[in-house]
Amino acid sequence: MSQWERLRQLQSVYGQQLHELYDRDALPMDVRHYLAAWIEKQEWERAARDHDFAMVLFQVLLENLDIQHSRFVQEESFLLQHNIRRYKQNFQRYQEDPCTMASIILWFLQKENEILESADLAEQVQLLHVEQDPMETNSQQDLERKMAGLRNEVQCMEHTLICLEEQQDEFDFKYTTHKMEVVVEETAKKEQMKVLQTLINRLNECRKTMLSDLGKLLDRSEELLDVLVRKELVEWQRRQQKACIGAPDNICLDQLEKWFTCVAVCLFQVHEFLSKLEELMGKMTYQQDPVKAQKPALQNRVDGLLTDLLKSAFVVETQPSMPQGKGPLVLRTNVQFSVKTRLLVKFPELNHAMKVNVSMDREAPQVKGYRRFNVLGTNSKALNMAESQNGGMVADFRHLTLKEQKSGGGGKGISDISLSVTEELHTICFNTVFELKGLSVDLQASSLPVVIISNSSQQQSAWASVLWFNMLCPDTKDVMFFANCPAATWEQLGEMLSWQFLSATKRGLDPAQLDMIAHKLFGKQQNYDTCKVAWSKFSKENSNASFTFWVWFDGILVLVKTYLENLWRDGSIMGFVSKAKEKTLLKKKQRGTFLLRFSESIRDGGVTFSWVDYSPTGEPDVKTVQPFTKVDLSQIPLHEIIRNFQILEAENIPDNPLLYLYPNTPKEEAFGKYYTEKSGDDSPYIKYIKTKLMFVSKENTLEAKSPMYSDMAEGEGLEPMNGLCGEAAGLGGDPHLLDSPLRAYPDPMLSGTLANQEDELLQYLNNPNIFSPPDLLSDDQGFPDFRLGFTCPAPQPCGSTYQ
């Protein structure tokens with residue numbers, strides 16, 4: 001479809017822009033319409049520079065208008081005949097200057113293209129349902145307008161230069177003629193000299209105006225360059241930092257590339273204008289020639305602006321990452337990683353012409369013990385347009401590896417700073433040379449700081465360092481950041497933690513969940529805005545705790561991503577909720593209401609469920625099962641555990657106490673879509689739904705049984721157990737003690753050792769005071785779960801639910 005056809009099909013708002021464009025008389029809309037196909041096929045940019053070529057197009061244009069006139073004569077379209085005749089007469093004024101006509105038509109075509117681009121962008125935004133930030137949109141629109149103004153000024157400057165050249169040619173012709181003619185009459189000679197003086201004065205004024213306009217053009221360029229380098233690029237770099245740690249920020253470089261390229265093209269055109277002025281000055285100069293006086297300063301200025309722009313335009317588009325890494329910026333020695341650089345100034349003529357080389361730690365700190373690495377693999381590539389989806393100038397390194405250098409004099413482990421391996425930051429560096437139109441500039445770019453490990457066991461701590469650095473440090477070259485590491489505000493930390501879930505599961509943390517985490521970190525506070533978390537509390541080893549906050553949080557994140565993503569994304573898992581809050585929520589609900597939350601004490605992540613029941617007197621009683629870990633969930637999905645969970649009520653009638661997912665969603669409605677088609681003995685998970693222990697309360701004859709129940713009376717043999725075991729505990733400020741002792745049914749599968757463990761358990765339940773405090777395993781501080789853990793003949797633990 002032709003450009004004109006596309007324009008005619010635009011929505012009304014863009015159609016109005018088209019009508020406003022053609023309100024000008026320079027190119028009538030009728031001519032654009034009837035000669036659309038011919039106009040769009042011509043090289044108007046070349047014609048604007050080439051007088052002879054422009055003259056050919058001028059003549060063809062008039063011929064086409066004659067053809068259209070003849071057609072309207074045949075169709076007896078009187079009004080159209082009149083209009084075409086008038087348009088042809090108007091175009092006759094370009095007889096002496098066809099390049100101006102070409103420049104005008106080129107300008108109209110470019111404006112049309114800008115309207116189409118605006119319409120296409122609006123359509124893409126509508127299709128993607130992208131809600132743009134009004135401030136950002138206004139800022140970008142203002143920048144777009146300034147870019148368009150810069151392009152228009154360059155076009156006007158180009159036309160001015162053409163006129164200047166024509167004036168100089170006119171003066172040169174008349175001056176040469178004057179010298180060749182022999183004029184005897186003094187009056188005629190004076191008249192000729194007067195004409196020549198007028199021409200030289202006008203030429204001098206044109207040169208002054210041209211130089212002044214070039215200075216103003218460079219002022220505009222410098223202003224735009226300042227916005228691009230000090231605002232837009234800096235903001236993109238910060239967005240990229242946050243995106244590396246999970247933020248949903250837009251880090252597409254296409255718009256920046258468009259702006260950088262626009263300014264670069266304009267500056268290179270100014271460079272050409274100055275070269276043309278020097279050429280004209282070489283043909284003719286005079287005393288107090290403004291070109292001779294001002295051109296060197298303008299040349300230095302345009303070269304300086306181009307150098308600054310090009311040095312800023314070389315960036316790392318995709319940060320270093322391993323294929324199976326936890327995230328970007330964590331690299332392991334002898335494991336391949338990839339990284340991509342990009343030049344935001346897009347010149348097709350430089351495709352495959354610029355070589356990019358990779359190195360390590362260009363400005364490594366002079367610290368004892370700071371490791372050094374070599375980059376191995378294909379560490380030199382050409383910037384090219386083939387490796388980019390959008391045609392950008394990129395060098396995509398896909399098979400690089402790092403190898404540690406042998407330590408020298410100081411030796412390993414001797415350091416002036418107390419940094420661990422996962423706190424040691426390194427940068428991967430890139431360099432290339434830009435050469436075009438006589439300008440040569442060395443370009444350098446660096447990755448964000450990376451953490452280099454040698455063992456996969458270090459990856460969790462390394463990723464914590466990457467999170468902390470990119471959350472807090474805007475200085476991407478500060479490789480000594482952890483030597484004096486700042487604390488994070490709760491606002492910063494909470495946002496970052498939410499990003500982890502958002503990037504892994506497409507669902508972040510809500511305010512209530514963040515509030516629970518803040519409570520865990522800081523205790524009960526009216527407001528957490530002033531609270532801060534130190535790096536040591538977040539991730540470094542703490543002698544007062546068995547594991548750090550990050551280890552706990554990351555364990556939950558991995559558990560959710562691996563086994564619970566669908567349930568988490570559905571909102572079925574409340575997740576981060578304290579026991580006190582859990583009890584408050586459930587005690588207000590109908591019998592059988594349950595919720596899912598994460599354990600607060602399991603290192604590698606655990607998920608449990610609690611439900612509410614009511615005593616004969618109407619008192620609410622909240623019960624909880626022992627948390628399920630990744631070992632459990634690798635064998636049976638949580639929704640199948642919930643589906644099959646049972647306790648034995650009076651008279652040994654099995655009953656599933658889980659009826660409504662909090663607040664009041666029927667269980668089948670919440671989880672039914674995930675159930676397997678088969679159930680009962682036909683369930684593919686039946687071999688995991690087995691248990692060998694059952695506890696009975698004499699007082700109320702309630703038996704509790706986990707979903708792993710096995711009826712040994714029916715003669716089932718011992719199956720290999722990778723078994724799941726859940727257990728329920730009463731929730732309250734203190735452990736709920738039964739009024740009467742529990743007794744265990746004997747199980748022929750249990751060993752003597754296990755029986756002894758049962759005896760100890762029953763002793764504890766009947767008289768907990770005989771055990772020392774460490775013997776009580778509590779799940780959460782202040783609200784402990786009972787954990788009835790047993791060592792079964794199978795490899796995995798088994799437990800029970802109880803009241």
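**Reading the terms in this predicted model**

User: What share of the contacts in the protein between residues at least 6 apart in sequence join residues at least 24 apart?
Analyst: Among those contacts, 72% join residues at least 24 apart in sequence, where contact means heavy atoms within 4.5 Å. This is a predicted model, in which local features need pLDDT of at least 70 and side-chain atom pairs count only at pLDDT 80 or more, while totals for chains, interfaces and linings use all residues. Residues are numbered from 1 along each chain as its sequence is written, and side-chain values use heavy atoms, with hydrogens and water left out.

User: How many helices and strands does the secondary structure of the protein come to?
Analyst: The protein has 22 helices and 24 strands, where helices (H or I, at least four residues) and strands (E, at least two) are DSSP runs, numbered from the N terminus.

User: Why is Q288 called exposed?
Analyst: Buried means under 20% relative accessible area, exposed means over 50%, and partly exposed lies in between, with a 1.4 Å probe and protein chains only. The relative accessible area of Q288 is 76%, and therefore Q288 is exposed. Q288 sits in the loop between α11 (254–283) and α12 (290–313), and its phi is near 60 degrees, a positive value in a residue other than glycine.

User: What makes D361 buried?
Analyst: With a relative accessible area of 11%, D361 falls on the buried side of the cut-off, so D361 is called buried. D361 also has a positive phi, of about 45 degrees, although it is not a glycine, and its place is in the loop between β4 (355–360) and β5 (373–377).

User: How do you know that S465 is buried, and where is it placed?
Analyst: S465 has a relative accessible area of 1%, and therefore S465 counts as buried; its place is in helix α13 (residues 459–472). Leaving aside neighbours within four places in sequence, S465 is in contact with T422, E423, V451, F482 and W535. Across the protein, buried residues make up 47% of the 803 residues.

User: What makes α15 roughly antiparallel to α17?
Analyst: Two packed helices are described by the angle between their axes and the distance between the axes. Axes are lines fitted to C-alpha atoms, for helices over the stretch in contact, and angles run from 0 to 180 degrees between N-to-C directions. Angles under 35 degrees count as roughly parallel, over 145 as roughly antiparallel, 65 to 115 as roughly perpendicular and the rest as oblique. The axes of α15 (residues 511–522) and α17 (residues 549–570) come within 13 Å and cross at roughly 155 degrees, so α15 is roughly antiparallel to α17. In this contact, Q513, I517, K520 and L521 in α15 meet F549, W552, F553 and W568 in α17. These residues divide into six nonpolar, one polar and one charged, where Ala, Val, Leu, Ile, Met, Phe, Trp, Tyr, Cys and Pro count as nonpolar, Asp, Glu, Lys and Arg as charged, and the others, Gly among them, as polar.

User: Why is α10 called roughly parallel to α12?
Analyst: Helix α10 (residues 186–244) and α12 pack at an angle of about 15 degrees, with their axes 10 Å apart, and therefore α10 is roughly parallel to α12. By class, their contact has 12 nonpolar, four polar and six charged residues.
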